[in-house]
Amino acid sequence: MDKTKSGRISTKELVTLAFLGAILLAAQVAMAPLPNIEVVSLLIYIYTQVYKKKVFFIIYMFVILEGCIYGFGLWWFGYLYVWSILAAVVLLLKEERHQKSALLSCVVLGAYGLAYGFLFAIPYFIVSGTSAGIAYWVAGIPFDLMHCAGNAASALLLYRPLRELLGRLQNTV
């Protein structure tokens, strides 16, 4: 994407990144009635592959918008880092052959779905103590299993078409 000579992000790129954050929010809100079945993880996975470190702008815009809609409770703090952890994992998988692997995306996103509840419980460990953190995490394990299955299925079905679409859109922006 274009940068001005001063190294700043261009207006066009800023609007594109903001639009991608809005897509995350729209996808999350649209799929909210389904228990832990979502495409946000898959989209962040793909956004990270395409936009590299700029994905953090998209993630934090999405998290702030979620706070504006649902409020800024203790749960909100988890969102500040859980999506960033997924992006960091994807950034570590730099090799070109991994960039287009639906199977790898399935494995990574499935594992992320399993780990999500534990990662999300960290503020509860800090604020309420070990017992409350463990209770929060253990109570969410059935949802983590659904999250794992949903992430794996969405990656198998949607990774390649969404990856190709975003790659084409990025080249035309």
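Me: Before we look at this predicted model, which relative accessible areas count as buried, exposed or partly exposed?
Reply: Under 20% relative accessible area a residue is buried, and over 50% it is exposed. What lies in between is called partly exposed.

Me: Thanks! Is Ile 141 buried, partly exposed or exposed?
Reply: Ile 141 is found in helix α8. Its relative accessible area is 35%, and values between 20% and 50% fall in the middle class. So Ile 141 is partly exposed.

Me: Which elements give two or more residues to the nonpolar patch?
Reply: The patch on the surface is formed by Leu 114, Ile 134, Val 138, Ile 141 and Leu 145. Together these residues have about 410 Å² of accessible area. The elements giving two or more residues to this nonpolar patch are α7 and α8 (141-172).

Me: Now to the rings: how many aromatic pairs are there?
Reply: Two rings pair if their centres lie within 6.5 Å. By this rule the count of aromatic pairs is 15.

Me: Is the pair of Trp 83 and Tyr 116 stacked, edge-to-face or tilted?
Reply: The ring centres of Trp 83 and Tyr 116 are 5.7 Å apart, with 50 degrees between their planes. Planes under 30 degrees apart would count as stacked and those over 60 as edge-to-face.

Me: How many residues apart are Trp 83 and Tyr 116?
Reply: Both residues are buried. Trp 83 sits in helix α4 (residues 74-92) and Tyr 116 in helix α6 (residues 102-128). The pair links distant parts of the chain, 33 residues apart.

Me: And which helices does the pair of Tyr 124 and Tyr 136 tie together?
Reply: This pair is stacked, at 4.1 Å centre to centre and 15 degrees between the planes. Tyr 124, at 18% relative accessibility, counts as buried, whereas Tyr 136, at 33%, counts as partly exposed. The two residues are twelve apart in sequence, so the pair ties together parts in helix α6 and helix α7 (residues 130-139).

Me: Let's finish with helix α3: what covers its buried residues?
Reply: Helix α3 (residues 55-70) reaches 22 Å from its first C-alpha to its last, close to the 22 Å expected. Its buried residues include Val 55, Ile 58 and Phe 62, and Phe 62 also belongs to a cluster linked by ring pairs. The cover over the buried residues of α3 includes α1 (11-31), α2 (40-51) and α4.

How values were computed:
Residues numbered from 1 in each chain as written. Predicted model: local features only at pLDDT ≥ 70, side-chain atom pairs only at ≥ 80, totals over all residues. Heavy atoms only, no water. Phe/Tyr/Trp six-rings, centres within 6.5 Å; stacked < 30°, edge-to-face > 60°. Helix = DSSP H or I, 4+ residues; strand = E, 2+ residues; numbered from the N terminus. Buried < 20%, exposed > 50% of the residue type's maximum accessible area, 1.4 Å probe, protein only. Patch = residues over 30% accessible without salt bridge, like charges linked within 9 Å, V, L, I, M, F, W, Y side chains within 5 Å. Areas by Shrake-Rupley, 256 points an atom, 1.4 Å probe, with all protein chains shown as cover. Salt bridge = Lys/Arg side-chain N within 4 Å of Asp/Glu carboxyl O. Expected span 1.5 Å × (residues − 1). Contact = heavy atoms within 4.5 Å.
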